[in-house]
Every structure is written in C-alpha cells, then in structure tokens.
Amino acid sequence: MENKEIHIIRRILKGETALYENLLNQYDQQVFSLIARIICNQEDAEELTQDAFLKAYQNLSSFKGESSFSTWMYSIAYNTAISAARKRKFETFALNDMQLANISEQQVDETLNDESEEMIIKLNRAIEKLNSDERALITLFYYEEKALNETALILGLTESNAKVKLHRIRKKIYVLIKQEEV
C-alpha cells in the first residue's frame, strides 16, 4: 500500500493533481475523527479537516516517505487541531502526581474494562474533560488503534514518553469516572 501511495504522490507532484482525491478519500474519515475528538466540535472539525488536507497538499513535496503517508497526514491533522485547540479556552481537569500514585492499575483496569452502556457514556464524558493533547493520544492509540511507536511519532513524542502519558491518562480517566459516580 505504501509503495502505491508513494507512486500516487509522485504523480501528483508531476501535475496529476486530480489523484490527490484518492488520498483524501482514503484518509478523510480517520483525519476527521482525530480532529473531532481533539476539538469536540463537529463544524470546527470539518473545517480543520479541510485545512489539514490543504496543508498536506501544499507541503506534499516535503513528504519523503520516511514514515507512512498516514502517519505524516495524522501529524499534520494533529498539529492543525492542537493549534486550533490552544487558541480556545477549554475547561480541563488536572491532577497532581500524588493523586495518581495512589491509584492501582487493577482499579483502573477493572473500571475501564467495564463495557456496559452506562460506563461507555461515563468514559466518553471523562475523555471530553481531558486536554486536547491527552484526547489526541487516547484517540490515536485506542480508537484509531495505532501502534505506540506510530502514535508517538505522530505526536512528536518518544515512545517511552507516550507510554507514560497513556498510563497517567488512564488513571486520570478513572478519577473522572469515579468523581461522576459520587
């Protein structure tokens, strides 16, 4: 698939610009999904998705094939969404290290492995309270099922840093869910 994409990109850069629609159609839903989860606003996410694809098109010549096109595209989408999110003031929930240290992995796993409809609703509400960077990490790793190394690459993190952040975010989600139950 990647060789096919590189071939299409080369053809686009040589003037067959109509082929860009193939890439757009292949990734538009995934890119929109990532941006929508970061932004939490459908209309803004649609506009930012268009912005991300326009940026990708304008910078297509800088794609060197060192990563997959999807990783490169996700990076552009992530940066576009994060830039927009930082311009807004979202109410987010912060915890200190001591609060998180007192939560066991077993508690987190038991809560987050509950797949009941009620728990899924609580989980989604908790995720909405995370900051945009945290929502992006959760979206890529859990919803888009990107590998940890690819998620880290998209977000500009080291793999170990992404792993630590995922660990902390899971605990933060646990706390948010438990607070809602009180």
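This is a predicted model: local features need pLDDT of at least 70, side-chain atom pairs count only at pLDDT 80 or more; totals for chains, interfaces and linings use all residues.
At 26% relative accessibility, D133 is classed as partly exposed, a term for values between the limits for buried (under 20% relative accessible area) and exposed (over 50%), with a 1.4 Å probe and protein chains only. Residues are numbered from 1 along each chain as its sequence is written, and side-chain values use heavy atoms, with hydrogens and water left out.

D133 forms a salt bridge with R86, with 3.3 Å between the closest N and O atoms. R86 lies in helix α4 and D133 in helix α8 (residues 132–143), 47 residues apart, and the pair links distant parts of the chain. R86 is exposed, at 55% relative accessible area. A salt bridge here is a side-chain nitrogen of Lys or Arg within 4 Å of a carboxyl oxygen of Asp or Glu; the count by this rule is 6.

Another salt bridge joins D109 and R170, whose closest N and O atoms are 2.3 Å apart. Because D109 is in helix α6 (residues 105–112) and R170 in helix α10 (residues 159–181), this pair ties together parts 61 residues apart in sequence. D109 is partly exposed at 31% relative accessibility, whereas R170 is buried at 17%.

Helices are DSSP runs of H or I with at least four residues, and strands are runs of E with at least two, numbered from the N terminus. Of the 19 residues of α4, 15 are buried, so this helix is largely enclosed by the rest of the structure.
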